[in-house]
Amino acid sequence: MSRVRRLFISGKTFFITCNLLSTRLPFIDADFVCLADAIRGVRTRRKFLFTGYVFMPDHWHALISPAENDTLPQVMAAVKVAAMRRVNSRRGKRGALWQPRYYDETIFAVKQYHDAMRYMHFNPVERRLVSKPEDWPWSSFQCFGGSGEIPLEIDRIELPADGKTRL
């Protein structure tokens, strides 16, 4: 089996995709609460920036910037373990919850950042879970002027207006 080689870049933002194991039941609202609580707890300990997200029944996406003295693999391992423990406890189950790997893309430009955010927020619409992004309660869309309850606060960052600007 090949091993994924990850760049240990500090000071960058990453677009993350983390998939549920295909053998596990899709997430429901109570599981999304567990995932949000796990991320909130790991953020408190590891101090990473969390600037956007969407939780879907079989995966989640996020924009994450690890702290200067941290790495993305360490942050993701902590989030995956914390979420697995909470969800398994709630479901009365044991064992792995997430696929062993996750997907990450380093964000190098403002346009790429905005494209990732747009992709996340429209993911529930594309999957036909809702007709408008503001109708999906489990995303950071609500943090940008939506009218629903905010399940997980995000970190606000200021970006240059020019989409070609490198981050």
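Is Arg 43 buried or exposed, and at what relative accessibility? At 16% relative accessibility, Arg 43 counts as buried, where buried means under 20% relative accessible area, exposed means over 50%, and partly exposed lies in between (1.4 Å probe, protein chains only). The model shown is predicted, so that local features need pLDDT of at least 70 and side-chain atom pairs count only at pLDDT 80 or more, while totals for chains, interfaces and linings use all residues. Residues are numbered from 1 along each chain as its sequence is written, and side-chain values use heavy atoms, with hydrogens and water left out.

**View 1. The whole protein chain, with its helices and strands.** The protein chain holds three helices and four strands, which follow one another from the N terminus in the order β-α-β-β-α-β-α; helices (H or I, at least four residues) and strands (E, at least two) are DSSP runs, numbered from the N terminus. Along the principal axes, the C-alpha atoms fill a box of roughly 50 × 40 × 30 Å. Of the 167 residues, 46% are buried. Among contacts between residues at least 6 apart in sequence, 70% join residues at least 24 apart, a contact being heavy atoms within 4.5 Å.

**View 2. The surface and the charges of the protein chain.** The accessible surface comes to about 9,500 Å², and 53% of it belongs to carbon and sulfur atoms; accessible areas come from the Shrake-Rupley method with a 1.4 Å probe, and for residues only the protein chains shown count as cover. The protein chain carries 26 positive and 17 negative charges, whose mean positions are 9 Å apart. In this count Lys and Arg are positive and Asp and Glu negative, while His and the chain ends are not counted, and the place of a charge is NZ of Lys, CZ of Arg, CG of Asp or CD of Glu.

View 3. Side chains of opposite charge can pair when their charged atoms come close. A search of the whole structure finds nine salt bridges, each defined as a side-chain nitrogen of Lys or Arg within 4 Å of a carboxyl oxygen of Asp or Glu. One of them joins Arg 40 to Asp 37, with the closest N and O atoms 2.6 Å apart, and both residues lie in helix 1 (residues 29-46), three residues apart, or about one turn of the helix. Arg 40 counts as partly exposed at 35% relative accessibility, and Asp 37 counts as partly exposed at 28%. Arg 43 forms a salt bridge with Asp 155, the closest N and O atoms being 3.0 Å apart. This pair links distant parts of the chain, 112 residues apart, with Arg 43 in helix 1 and Asp 155 in the segment after helix 3 (110-126). Asp 155 counts as partly exposed at 21% relative accessibility.

View 4. The side chains of Lys 111 and Asp 115 meet in a salt bridge of 2.7 Å, N to O, and, being four residues apart in helix 3, they are separated by about one helical turn. Asp 115 is partly exposed, with a relative accessible area of 32%. Asn 123 is also found in helix 3, where Asn 123 is buried, with a relative accessible area of 5%. Not counting residues up to four places away in sequence, Asn 123 touches Val 54, Met 56, His 59 and His 61. In a further group, Asp 31, Arg 90 and Arg 91 are linked in a network of salt bridges.

**View 5. Two residues with positive phi.** Most residues other than glycine have a negative phi, and most peptide bonds are trans. Lys 47, although not a glycine, has a positive phi of about 60°; Lys 47 is placed in the loop between helix 1 and strand 2 (49-55), and counts as exposed at 58% relative accessibility. Arg 128, which is not a glycine, has a positive phi of about 65°. Arg 128 is found in the segment after helix 3 and is exposed, with a relative accessible area of 75%.
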